Amino acid sequence: MEFLGTTQTASYCGPKRACGIRALPPAVPAPVIQECYQPYYLPGYRYLNSWRPSLFYKISNGQTCGDEGATCRSALRPPTILPAVRSALFCRYSPRDWDQSNQLQVRGAEASRLWAGRLTGDSVRLMQDKDQLTRQMQEGTCRNLGQRLSDIGFWKSELSYELERLLNESHSMDAVKRRLECAAEELTCPLQMALECLYQREKRIGIDLVHDNVEKNLIREVDLLKCCQEQMRKLAQRIDLQMRDNRDAQHALERDLEDKNSAEFIDEKCLNLRNTSDCISFFHGVEKIDGTISVPETWAKFSNDNIRHSQNMRANCIRLREEAQNLFEVLSDQMWKQFTNTNLAFNARIAEVTDVKNKLQTQLAKVSEMCVRTVVHAAKPPSCSQGPQHLPAKLPLTVLLPRWSHHPTVYEPVHPKRRQRL
């Protein structure tokens, strides 16, 4: 508790100081006191140290020591503060002001507390709203990522299925191509055999060099075999070109499937991220980067176009395989027919030649027999030269001889008609 008008540092409140002052100091001029009036402030807005009365008057700053006749200042206690006028005691607040100030402070504290409570509630509601909005956006993003993964999985399955079918079709085309090439190579032996037959038939002599049915059928067979080889090789070349197109479509499907796998891995990684993940961080400016080159419609259209292109390639492969199968059937039928016709022509010609040969041999045998008989008969000596069987032959010769040899002149031997008869 403080005494009114004094402070706890007054001289009578502290311990006594043993100083050599034996008598009161001589009177000194009273300090100049300047009264001041502090205007009225609203309660609660006055300085905290406005209650100290020492602020309304000056303090005595020295004490004269009697023995030494000089002013000495004590370092142990401040000088004594005494109110110079009594009016300084009436400058304080009344209890009413004090109550009003406390009430205003309480009401101000209540208002501040209510405002802080409202602000806190608004902040909590704002945080809850933003947290709910963040959760909704994250859930929507997760749903979008899940839908995206479903779309990627669907197109992956479609691409994988189409790629598998295209590979199987390419293997079938490769087998058909090898079959065509082998068939074209196998036709070389029949072709050489037909050419050899034509070459050997050119060794016939004379009238036997006949352009018969055998030669015609052999020529047709050679032409047919060459035509078959050419058709098979052309079809093999078309299949080779189609296989190149298949490889292009296969490359497009594989590249699209690889992109789908990469996109699925990235989306799965994004889908598995949580607020507590370790790898999340702030990447400033990444939201402004737009590296997309398509929208979901064009993205799906790109994969659909690749699948349609592959389906068209497979349809072309199917048509080529059917064409190759029909070509095999038609050419085999034609070659078999021509082979049969050539064999029949050979058989007919052989039978015909055999028949003519047999006839010629028969006639040759007869002629040979006649020649033998003639030679035998001519070699037989006549039995009687003057026989009656030679008299008719001797008469015309006897008549002709004198007509040619016994005429005296050149113009006498006339050529009569009788001579022709003779």
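Cys197 counts as partly exposed, because its relative accessibility is 26%; partly exposed is the band between buried (under 20% relative accessible area) and exposed (over 50%), with a 1.4 Å probe and protein chains only. The model is predicted: local features need pLDDT of at least 70, side-chain atom pairs count only at pLDDT 80 or more, and totals for chains, interfaces and linings use all residues. Residues are numbered from 1 along each chain as its sequence is written, and side-chain values use heavy atoms, with hydrogens and water left out.

**Overall fold**

- The protein chain has 6 helices and 2 strands; these are DSSP runs, numbered from the N terminus, with helices (H or I) of at least four residues and strands (E) of at least two.
- The order from the N terminus is β-β-α-α-α-α-α-α.
- Of the 422 residues in the protein chain, 20% are buried.
- Take the contacts (heavy atoms within 4.5 Å) with a separation of 6 or more: 78% of them join residues 24 or more positions apart.
- Areas follow the Shrake-Rupley method with a 1.4 Å probe; for residues, only the protein chains shown count as cover.

**Nonpolar cores**

- A nonpolar core is a set of buried Ala, Val, Leu, Ile, Met, Phe, Trp, Tyr and Cys residues joined through side-chain atoms within 4.5 Å.
- The largest core has 28 residues, of which Leu180, Met232, Leu235, Ile239 and Met335 touch the most other members.
- Helix H1 (95–186), helix H2 (188–201), H3 and helix H4 (296–379) each supply at least two residues of this core. H3 gives the most, with 11 residues.
- Ile239 contacts Met173, Val176, Lys177, Leu180 and Leu320, leaving aside neighbours within four places in sequence.
- A second, separate core holds 11 residues, including Leu159, Leu166, Leu253 and Met313.
- Gln250 sits in helix H3 (residues 213–271). Gln250 counts as buried because its relative accessibility is 17%.
- Gln250 touches Leu163, Leu166 and Leu167, not counting residues up to four places away in sequence.

**Salt bridges**

- The count is 19 salt bridges, each a side-chain nitrogen of Lys or Arg within 4 Å of a carboxyl oxygen of Asp or Glu.
- Glu169 and Arg321 pair through their side chains (2.7 Å, N to O). Glu169 lies in helix H1 and Arg321 in helix H4, so the bridge ties together parts that are 152 residues apart in sequence.
- Glu169 is buried at 9% relative accessibility, whereas Arg321 is partly exposed at 29%.
- Asp212 bridges to Arg204 (4.0 Å, N to O), and both residues are buried.
- Asp212 also bridges to Arg349 (3.0 Å, N to O). Asp212 lies in the loop between H2 and H3 and Arg349 in helix H4, so this pair ties together parts that are 137 residues apart in sequence.
- Shared partners join Arg201, Arg204, Asp212, Glu215, Arg349 and Glu352 into one salt-bridge network.

**Cysteines and surface**

- The structure holds 0 disulfides, a disulfide being a pair of cysteine sulfur atoms within 2.5 Å.
- The closest cysteine sulfur to that of Cys270 is in Cys279, 9.3 Å away, which is too far for a bond. Cys270 is partly exposed at 37% relative accessible area.
- Phe283, Val286 and Ile289 make a nonpolar surface patch of about 340 Å². Patches use residues with over 30% relative accessible area and no salt bridge; like charges are joined within 9 Å, nonpolar side chains (Val, Leu, Ile, Met, Phe, Trp, Tyr) within 5 Å.
- Ile289 is in the loop between H3 and H4 and is exposed, with a relative accessible area of 63%.
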